[in-house]
Amino acid sequence: MELPRPDPHAAHLADVAPSLLAAMGVAGFSSRLLGSIDAGEAAGACLLLVDGLGAELLDAHLDDAPFLATLRGRRLTAGYPATTAAGLAAVGTGCRSGEHGIVGMTFRLPDVGVVNALRWRQHPWGEDLRERAVPESVQPRPTTFERAASAGVSVRVISGAEFAGSGLTRAVLRGGDYVGVHAIGDLVAAVTSTLSDRGFCYAYHADLDLVGHLHGPGSAAWRWQLRQVDRMVESIVEALPAGGLLAVVADHGMVSLGEDTVDADAEPLLQEGVAALGGEVRARHVYVEPGAFDDVLAAWRDVLGERAWVVGREEAVAAGWFGPRVSDEAMARLGDVLVAAQGTSGVVRPTVEPIESSLIGQHGSFTAAEQLIPLLIARG
C-alpha cells in the first residue's frame, strides 16, 4: 500500500496569516499566496476561518453559497492531521504540525499523559492541565500574532467567548487582543471594526463543523448552515473599507463515516500491547508498551487491512506526514504507530470516547475531502 507523501512545497494553511501580514507591509513576513498584492498594499486584513469548510464540500454545494461562489480561488492543503487543533496552530504559528507540536486533537505529552488539546484536559476524562502543562511551554514558538503586535500592528483574535484563556488559545493564538463573541452578529461587527481601524484580525466560526459532525457533511442541516456562512461572509465584504483585505479559509474538510469503521474497544487485537490511544477517529496515535512495537504494528495492519495506512512513527516522519521538519518535542508526542484512515473508515472507541464515536462527520486523514481547503479572497 503506497503511503501518502505530502508535497512540502504545496500551498498550506500555515502560509495564510504570514501572506496577509506581508500584504499589509509588516516587517518580517513574506507572502507565498498573494503574489498579485504588493507589500503594504492592504490597509488592514482579516483571516476568517470557517471550521469544516472543505473545498470539495464547497464546490459540491455552490448553490447554497452563491456569494462564496463569486470568490472562488485556489485550494490549500490543511496538513496532517486535518483537525482543528492542528489547523489553528498552523494559522497561529505559520508552521506545520511537526514544528508547532500540536500533533492531533489528543496526543501524549511526556510526563503528563494523553491530553485533549481542544479542552486542555487529561484524555479521555481528567483534570484541567493549564498549570501542569503550561500552554506557552507546550507551544513556545512566537505566534504570528505576537510577531505582528511586536511590529506595531493592532491585532485582534475574534472567537467564541468560551475560548478566552483556554489552553489552546494561550498555546497557539496568543498575542492579540481577544474579542469573545457569541453569534454571527458580533463576529461580523468585531471584524468590520478591526478593518475600519486598519488592523489585523483572525476570526473563527465553528458552527458549520458542528452541524457536519452531528448531521453529516452535505446533509440538509449542513447546507442550511452553509447558507448562513455565505451571508456572514457577504456582510463582511459589503463593509470592507478601501484597501481592506479578507481571506476566508478552513482548517479541514469532512467525510461521513461508513460501515467499515472499526470499534477498537471491542477488538482485543487492537488492545494488546497498547499503552494508550490518541489522535481521533480518522487519525490515530497508538502508543505501545515497551518491546511490543512489532506485534502492535502487525496486529493493527492485520485488523485494518486496506481501511487505513498503518505505519511506524519514523516511517510517517520520513514520508513527510508532519511536514519537512519535525522537532524533538513533536517527535516525542507522536504515536509509536500512526493510523490514517482511508475511504470512509475510522477507528472509534464508543466506551472511552462515546461522544466523538457517535458523530457522523469525521476528519483527520489524507483524503482530498479532508485535506483540501479553499482560499477565498476579497478586497475593498
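**Figure 1. Ser357 sits in helix α15 (residues 354-358).** Helices here are DSSP runs of H or I with at least four residues, strands are E runs of at least two, and both are numbered from the N terminus. This is a predicted model, where local features need pLDDT of at least 70, side-chain atom pairs count only at pLDDT 80 or more, and totals for chains, interfaces and linings use all residues. Residues are numbered from 1 along each chain as its sequence is written, and side-chain values use heavy atoms, with hydrogens and water left out. Ser357 comes out at 16% relative accessibility, so it counts as buried (under 20% relative accessible area; exposed is over 50%, partly exposed in between; 1.4 Å probe, protein chains only). A polar atom of the Ser357 side chain lies 2.8 Å from the backbone oxygen of Glu353. Leaving aside residues up to four places away in sequence, Ser357 touches Val348, Arg349 and Pro350 (contact means heavy atoms within 4.5 Å).

**Figure 2. Arg284 and Glu353 meet in a salt bridge, with the closest N and O atoms 2.8 Å apart.** The rule asks for a side-chain nitrogen of Lys or Arg within 4 Å of a carboxyl oxygen of Asp or Glu. Arg284 belongs to strand β13 and Glu353 to the loop between β16 (347-348) and α15, 69 residues apart. Both ends are tucked away: Arg284 is buried at 0% relative accessibility, and Glu353 is buried at 2%.

**Figure 3. Arg282 pairs up with Glu370 in another salt bridge, 2.7 Å between the closest N and O atoms.** Arg282 and Glu370 are both buried.

**Figure 4. Phe145 and Phe200 form a tilted aromatic pair, 6.3 Å centre to centre with 35° between the planes.** Rings of Phe, Tyr and Trp (its six-membered ring) pair if their centres lie within 6.5 Å; planes under 30 degrees apart are stacked, over 60 edge-to-face, and the rest tilted. Phe145 is in helix α7 (residues 144-150) and Phe200 in strand β8 (residues 200-205), so the pair ties together parts 55 residues apart in sequence. Phe145 is buried at 0% relative accessibility, and Phe200 is also buried at 0%.

**Figure 5. Phe163 and Tyr204 make an edge-to-face pair, 6.4 Å centre to centre and 65° between the planes.** Phe163 sits in the loop between β6 (155-160) and α8 (167-172), while Tyr204 is in strand β8, 41 residues away. Phe163 is partly exposed at 33% relative accessible area, whereas Tyr204 is buried at 10%.

Notes:
A polar contact is a pair of N or O atoms within 3.5 Å; within protein, one must be able to donate a hydrogen and the other to accept it, and residues adjacent in sequence count only if both atoms are side-chain atoms.
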